[in-house]
Amino acid sequence: MPTLYHHPMSAASRFVRLILAEYGFQTELAEEQPWENRRDFLALNPAGTLPVYVDDSMRALCGASIISEYLDETHGVLKRDRRLLAEDPFQRAEIRRLTEWFLQKMEQDVTRPLVRERIFKLQMTPDQGGGPPDSKILRNSRANIRQHMKYLSWLAGSRTYLAGDRLSYADLAAAACLSVLDYMGEINWADAPQAKDWYQRLKSRPSFRPLLAERVRGVTPVSHYADLDF
């Protein structure tokens, strides 16, 4: 069975997990602590980043964008109306643009620094960079959330799904990021009702259930995290 090396609070890992679940793939999950730089993991991905997908032939695919493109080319094209990339080239470009927005720009501005400060540093040794969170990084990242939520609300309010009329990689990428932030209670949903309505639809999908059931050692999610009607 293929194996996905991931971390529960890695938005990129959650994105790939949602794709696999939407396409009905059975995959073994191997939780990886990326700050440990394990030799066996670095042999799979010298960059030491998540996620990494190892297929039945022990071939490793590294990175969410690489894995998602591979899954589309090998399986998505056969799904027709359930394909998570569009048939139209321009529409595919829009899906890729938004997927990159959430997995790269929002990740850099918001998700990665908050996860590192609030979760990863609790599990890291001092030599690995662990310790108390940096209040300046928390403050800056939280300020960035507002702008990203405004853009997400605009997308959700002007389209059926974020990139058009159908569920796509763009929705799964955004939902993966938001699910991590929501776990930590970092989103004020009252200020983003359109984004909230969209997220409720994504959160209610069967593919989301494993994420909502997951817990991270030492960090309890907000009370509404697994509530479909929050």
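These are my notebook entries on what I looked up in this predicted model.

**Entry 1: the whole chain**

I started with the secondary structure, and the protein chain comes to eight helices and four strands. Reading along the sequence, I wrote the pattern down as β-α-β-α-β-β-α-α-α-α-α-α. Next I looked up the radius of gyration, which is 17 Å; the globule rule gives 17 Å for 230 residues, so the chain is as compact as a globular protein of that length. The C-alpha trace spans about 50 × 45 × 30 Å along its principal axes.

How much of the chain is buried? I found that buried residues make up 52% of the 230 residues.

**Entry 2: helix 4 and its partners**

On the helix 4 side, the residues making the contact include I95, L98, F102, M106 and V110. On the helix 6 side they include Y169, A173, C177 and L181. What kinds of residue are these? The contact divides into 16 nonpolar, two polar and no charged.

Then I turned to helix 1 (residues 11-22), which packs with helix 4 at an angle of about 150°, the axes being 10 Å apart. Angles over 145 degrees count as roughly antiparallel, so helix 1 is roughly antiparallel to helix 4. A11, A12 and F15 of helix 1 make this contact with T99, L103, E107 and T111 of helix 4. I sorted these residues too: four are nonpolar, two polar and one charged.

I also picked out D109, which sits in helix 4. Is D109 buried or exposed? D109 has a relative accessible area of 18%, so it is buried, as the cut-off for buried is under 20%. Leaving aside neighbours within four places in sequence, D109 is in contact with S141, N144 and H148.

**Entry 3: A64 and P51**

A64 lies in helix 3, which covers residues 64-74. At 9% relative accessibility, A64 counts as buried. Which residues does A64 touch? Not counting residues up to four places away in sequence, I listed A12, F15, V16, P51 and L103. I also looked up how far A64 is from R159: they are 95 residues apart in sequence and 25 Å apart in space, C-alpha to C-alpha.

P51 was worth a stop. A cis peptide bond joins L50 and P51, with omega about 0°. P51 is in the loop between helix 2 (39-44) and strand 3 (52-54).

**Entry 4: loop residues**

N37 has a phi of about 50° and is found in the loop between strand 2 (28-31) and helix 2. N37 counts as partly exposed, at 48% relative accessibility. R80 has a phi of about 55° and is found in the loop between helix 3 and helix 4. With a relative accessible area of 63%, R80 is exposed.

Where is T125? T125 is in the loop between helix 4 and helix 5 (135-158). I noted T125 as partly exposed, at 38% relative accessible area. T125 and N144 are 19 residues apart along the chain, and their C-alpha atoms are separated by 28 Å.

S168 is in the loop between helix 5 and helix 6. Buried or exposed, then? S168 counts as buried, at 2% relative accessibility. Apart from neighbours within four places in sequence, S168 is in contact with L84, I95 and A163.

**Entry 5: helix 7**

My last stop was helix 7, residues 193-203, where A195, W198, Y199, Q200, L202 and K203 are buried. What do the buried residues of helix 7 pack against? I found helix 5, helix 6 and helix 8 (209-213).

Definitions and conventions. Residues numbered from 1 in each chain as written. Predicted model: local features only at pLDDT ≥ 70, side-chain atom pairs only at ≥ 80, totals over all residues. Heavy atoms only, no water. Contact = heavy atoms within 4.5 Å. Helix = DSSP H or I, 4+ residues; strand = E, 2+ residues; numbered from the N terminus. Nonpolar A, V, L, I, M, F, W, Y, C, P; charged D, E, K, R; others polar. Rg over C-alpha atoms; globule rule 2.2 N^0.38 Å. Buried < 20%, exposed > 50% of the residue type's maximum accessible area, 1.4 Å probe, protein only. Axes fitted to C-alpha atoms, helices over the stretch in contact; angles between N-to-C directions. Parallel < 35°, antiparallel > 145°, perpendicular 65-115°, else oblique.
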